[in-house]
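Notebook open, structure loaded. I'll jot down what I look up as I go.

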Amino acid sequence: MRKSTLFMAELIGISILALSHAQACVTFAPRAIEDIKLADEIFIGDVARYRVKGCRKHAESLDCYALIDVRVRKTIFGKSRRHWTLYWWNSTFGVPEEWGRAKTLIFAGRWITTAAPPLRGGSATQFPSRRPDLLQVLQAPCSEPFFLPMDEETIAKVRAVIDEKAQTRDESENDRDH
């Protein structure tokens, strides 16, 4: 019995290592709009430049990351700036060679300088950014990044989550004062 258990464990381990990072998730976690409350910066902007960095030649790799230069149209939450450069490292799916999404989107980012708790229960710890000088794209493992469509319905949902976050923070500050 023990040999078969060991064999199964080895087989599973080899299978996991053999998977490319594009297939690394057993299940896909849908993006939860509530996770946006963990963002440090949320803004509407236009992608001005997208570039992939850090890749080894001729190999898709977890070393790859992308830098996304965004011209800001409007700040929804956080510091008001005209321009952000976002750092995007996607351990689950890698980063695409080219920007294949809409140019104008709602972006959410987080400053991660130390290991951070998961966005939600089923996701993994977020590790420190290799570029702590840059805002990191908000993304739970095995889920989509927070590149949201720029429409009135989505903006209203984002504002509702941010308003709820502010209300919860105000209530907890009031509780401490009493």
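Disulfide first: I count a pair of cysteine sulfur atoms within 2.5 Å as one. By that rule Cys 55 is joined to Cys 64, S to S 2.0 Å. I searched the whole structure and found one disulfide.

Ground rules for myself: this is a predicted model, where local features need pLDDT of at least 70, side-chain atom pairs count only at pLDDT 80 or more, and totals for chains, interfaces and linings use all residues. Residues are numbered from 1 along each chain as its sequence is written, and side-chain values use heavy atoms, with hydrogens and water left out.

I call a residue buried under 20% relative accessible area, exposed over 50% and partly exposed in between (1.4 Å probe, protein chains only). Cys 55 is partly exposed at 33%, while Cys 64 counts as buried at 9%.

**Overall layout.** I took helices (H or I, at least four residues) and strands (E, at least two) as DSSP runs, numbered from the N terminus. The protein has two helices and six strands, and from the N terminus they run α-β-β-β-β-β-β-α. Of the 178 residues, 37% are buried.

**Cores.** My nonpolar core is a set of buried Ala, Val, Leu, Ile, Met, Phe, Trp, Tyr and Cys residues joined through side-chain atoms within 4.5 Å. The largest one has 18 residues, and Phe 43, Ile 68, Leu 86, Trp 88, Trp 99, Phe 107 and Phe 147 have the most contacts inside it. Strands β1 (41-53), β2 (65-77), β3 (83-88), β4 and β5 (135-137) each supply at least two of its residues. The largest share, four residues, comes from β2. A second, separate core has 14 residues, including Ile 44, Leu 138, Ile 155 and Val 161.

**Leu 105.** I found Leu 105 in strand β4 (residues 104-110). Is Leu 105 buried or exposed? Leu 105 is buried, at 7% relative accessible area. Contact here means heavy atoms within 4.5 Å. Not counting residues up to four places away in sequence, Leu 105 touches Phe 43, Ile 44, Gly 45, Trp 99, Phe 147, Leu 148, Pro 149 and Met 150. Pro 149 sits 44 residues from Leu 105 along the chain, yet their C-alpha atoms are separated by 5.2 Å.

**Contact range.** Among contacts with a separation of 6 or more, 67% are between residues 24 or more positions apart.
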